[in-house]
Every structure is written in C-alpha cells, then in structure tokens.
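Please look over the structure below before reading my comments on it. I have set them out as numbered points.

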Amino acid sequence: MSQTQADALVFFGATGDLAYKKIFPALQALAKRGALNVPVVGVAKSGWGLDQLKARARDSVEKHGGLDADAFGRLSNLLRYVDGDYGDLAAFEQLRKELDGAKHPVHYLAIPPSVFELVFDQLQKSGCAEGARVVVEKPLGHDLASAQELNRTLHSIFKEEDIFRIDHYLGKNTVQNLLFFRFSNSFVEPIWKRQYVQSVQITMSENFGVQGRGSFYDHTGAIRDVVQNHLLQVLTNIAMEPPPGSETEILRDVRVMVLHGIRSLRPEDVVRGQFRGYRQEPGVSPDSTVETFVALRLFINSWRWRGVPFYIRAGKCLPNTVTEVLVKLYQPPAIFCDVAPPANYYRFRVTPDLQIAVGAYVKLPGADDQGEMQELLINHPEDPNEMGAYEELLGDALKGSNAHFARQDYVEESWRVVDSVLDNATPVHEYEPGSWGPAEADAIGPPGGWYNPK
Ligand code: NDP
C-alpha cells in the first residue's frame, strides 16, 4: 500500500492522554491546511458516543494550541466513534461498518503496548487489516527480545513498508536540521571526524517530574523512555556518514550503520539516578529502583569516530527543559599568548527551539594577547505556524511517506545497544530535584566536566 493516499484514519486510544495532548491538535492543524479529508474514526472503551468524542476534541485543541473554528468544524465533520473493548470482536465489526468500504485505512495505535497484539489480531480477524497501514507508538518493545517479538507479530499481518513506527523526534524540524545543516554546508563535514572532534555530548533535561504518569513511568525509566529512541536518533543524525542521496531507504541504511558500530553498553559506562521524592509519586512503587536520570558514555567503532567519546545524559527534575548537542573540537595551539585558547565547539539546540551556535574565540579590544569566547548564533524561535511533529508524522502516514519513521532493523539495533543496562544492571543513586543528577555521573563524564545547557 506504500505511497497510496489513505482513505480513512482510525485511531485507537481516542480517549487517552496522547490523543488529548497531541493527536487532536495535530488533526485540527492538518484540517487547517487542507490535508485531512478522510473519515477519522476514534476507538476506545469509555462508553462514550460521538458527541462526547467531539467535546473532548474541542477541549483538547482549546488547551493545546487554541481552537481554530473553521478547521475544527472540518475535523468535527470527519469524526466518527466506535466504543468497545479491544477484546470484543463486535467492536471491530462495528469499525468495519464505520470504515464504509475504505480500501486503504491507516490504523494508528495510541494505546498501551500491552494491547497491541490483541488489536492486531482483531484487525486481522475482522478484515480491517486488508489494504491497511499501521502506525505504532513508542515504546516499540520493552527490550530487544520483546521488540523482535513485536516485529514478528507486525510482519505476520503487515508488510514492512506498511508499518510506521513513530519516534516523534524524527518529525521534529530541529532534529531533521541536524542532517540538513551538516550536509548542506561545506565548512562542517571536513572537520566532522575523530581528528578534529574531541567529544560529543547530548543532554535532554526536563525541569518537571512524571506529571501524573507515575504508573507508566515506573515500568519504563529514562533509558527506555528517551535514550533508546529519541537520543539515539539525535546521535545517529550527528554521526552518520553522508548519504548517497536523499531516498528514504538510503537514509535509513546510513542511520542504522551508526548503531552497528556501537558496542552494547557496559554497566561501567552507565550511571542511573532517581530524584528524591519519586517514590512518593502516585502510581510509583515505594521501593522503586526505576531511573529518572541516566548518564552514559559510548564509542562508535568506525573510521570516522573511533576513539571519540559520545556522552548522553537525560533526566527529570533537572534545572531546565532543553535538549542540546555539544560537539567539542580540540583546542587550537597557543600562538598569541602562552595559554592555548579554549576549545571551539558546535552547539545544537533541538528543544524547545532551534539554535545552532559555533563557539569562537575573538580578540578583546586593546589587549594584543587576550580574547573571549563568543557564539556565532543561528536562532529560530518557536513559530506557532510551523508544523508540529505529530502533524507532520500523521500527514506523512496518510500520504504513505515513511521517511520519518523508524525501520525494523534500526529499532532492534537501538535496543541491542541498551539491552545490557536495562532495569537493575546498575545501581540507582538519589539526587536532589533541581540539580544536574547524582554526583556519581561525574565519574563517567567528559574530562573537564559535563556541559550543562542554559
Ligand atoms: P492512556 O492510558 O492515557 O490511554 C490509553 C487509551 O487506550 C485509552 O483511550 C483507553 O480507552 C484505550 N484502551 C486501553 N485498553 C483498551 C481496551 N482493552 N479496549 C479499548 N480501549 C482500550 O495512554 P496514553 O494516551 O498516554 O498512551 C498511549 C500510547 O502512546 C502508549 O503506547 C504510550 O506509551 C504512547 N505515548 C504516550 C505519550 C503521552 O504523552 N501520553 C507520549 C509518547 C508515547 P479508555 O480510556 O476508554 O479506557
């Protein structure tokens, strides 16, 4: 079915948190730019009717980005609702009726992974899987073995080209720009290698906790929640070889090659932390050892990167909310004074807005031998009219364009990298909310210390 325009969108989990926060606003945005003209069928088991779904959709867009009366009106006319437990085949027979002869529906599973298999099975039994495409939300598995099992199940029903695995970081303009910037400027690539790059740091900090999602988070933790997916995607965009073209499969091939070069993580390269107070969060086990912070160090065994440490840090209840990459170059020699200038660097901010900065040393007026570090800065503040990640990804799924979705081999390789350090493979250290994580993380950090984004 790939590259065929879909003629219906079904989204399972219509009453859920993700639908409320992201999917309805994305659907309204698609309707606004005329990219949504097919029936949109919400499915859940709350005992609702269509009017309640519409009210929920309205409330969702009002709270997340604002109501656009015209666009919402168009979305509202397209909405349908099917109520029923996913265990009940009758709900899927009802869905088939609502699809009203659609030949190429997209089924978007915004539901807990524990019910994925049940839904695949019912889609197949009811005939709803025929000619269809499926979109699955992370987490795509819980570890390597379960990711492989999920892929086997998916492939027993759908072809790989009809499976769209969402990692919303791939839909972010700022993440796509890492590649665009690297390969559209001839001053970057010649120095993008071990001879010039001293280290790479990727930091994803959040200044909030689990925000009422304790029972979800306590089965997940930082490694599964953001490292295995989002942060390894950022890393592969920073480290991949120049692709010989922009075709989807070529880009996916070069991305997965980066992961092939990473050895499975060893416990001594990982420090886990948990913020003080996490165990008192609703839904969290009082003796939980799940990490809300992780710091790790890895190497890519390739001609380009051998010997260059890549450091990743992610955590909740840190001082700010930002995701940044710092590519630090080697220090230049001392020519104008006895002490060498500080190392130059490239800094990429991927959330909340786009920044690309080059740290450069410039002469201070008056003094012949003194300088200061300044940044050459490209700054794109958040633009409310810019396509959001979910809008772009849902639009792509309807069109059948899978360029910004993860391929099976990538997902399995990323699990292979982290599989050996999941759960209690390493101790968890407590840290103060508002700090940069446990002091133990310093031991595996870069010489000179971690870079803390402002
Ligand atoms: P919620 O628990 O909020 O919602 C789950 C949805 O699935 C509800 O609509 C629920 O219906 C429905 N559901 C669950 N079991 C059944 C069943 N047996 N039969 C019928 N309906 C069922 O989950 P989220 O929206 O938070 O998450 C959904 C998916 O998206 C998960 O895989 C999650 O990991 C992923 N995700 C979520 C993010 C978020 O910010 N929330 C971010 C990124 C990914 P009902 O309400 O009627 O029970």
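The points that follow move from the model as a whole to its sheet, its helices and its cysteines.

1. This is a predicted model, in which local features need pLDDT of at least 70 and side-chain atom pairs count only at pLDDT 80 or more, while totals for chains, interfaces and linings use all residues. Residues are numbered from 1 along each chain as its sequence is written, and side-chain values use heavy atoms, with hydrogens and water left out.

2. The protein has 12 helices and 15 strands, where helices (H or I, at least four residues) and strands (E, at least two) are DSSP runs numbered from the N terminus. Along its principal axes, the C-alpha trace spans about 80 × 50 × 40 Å. The radius of gyration, taken over C-alpha atoms, is compared with a globule rule of 2.2 Å times the number of residues to the power 0.38; for 454 residues a compact globule would have a value near 22 Å, and the protein, with 23 Å, agrees.

3. Of the 454 residues, 52% are buried, which means under 20% relative accessible area, as against over 50% for exposed and in between for partly exposed (1.4 Å probe, protein chains only). Contact means heavy atoms within 4.5 Å, and among contacts between residues at least 6 apart in sequence, 76% join residues at least 24 apart.

4. Nine strands form an open sheet of mixed pairing, in the order β14-β13-β12-β11-β7-β10-β9-β8-β15; two strands pair if DSSP finds at least two bridges between them. The edge strands, each pairing on one side only, are β14 (371–380) and β15 (428–431). From one strand to the next, the twist averages 15°, with axes fitted as lines to C-alpha atoms (for helices over the stretch in contact) and angles running from 0 to 180 degrees between N-to-C directions.

5. Helix α7 (residues 173–184) lies across β12 (345–351), β13 (354–363) and β14, and runs at about 150° to β12.

6. How many disulfides are there? The count comes to zero, a disulfide being a pair of cysteine sulfur atoms within 2.5 Å. Cys128 counts as buried because its relative accessibility is 2%, and Cys317 is buried with a relative accessible area of 12%.
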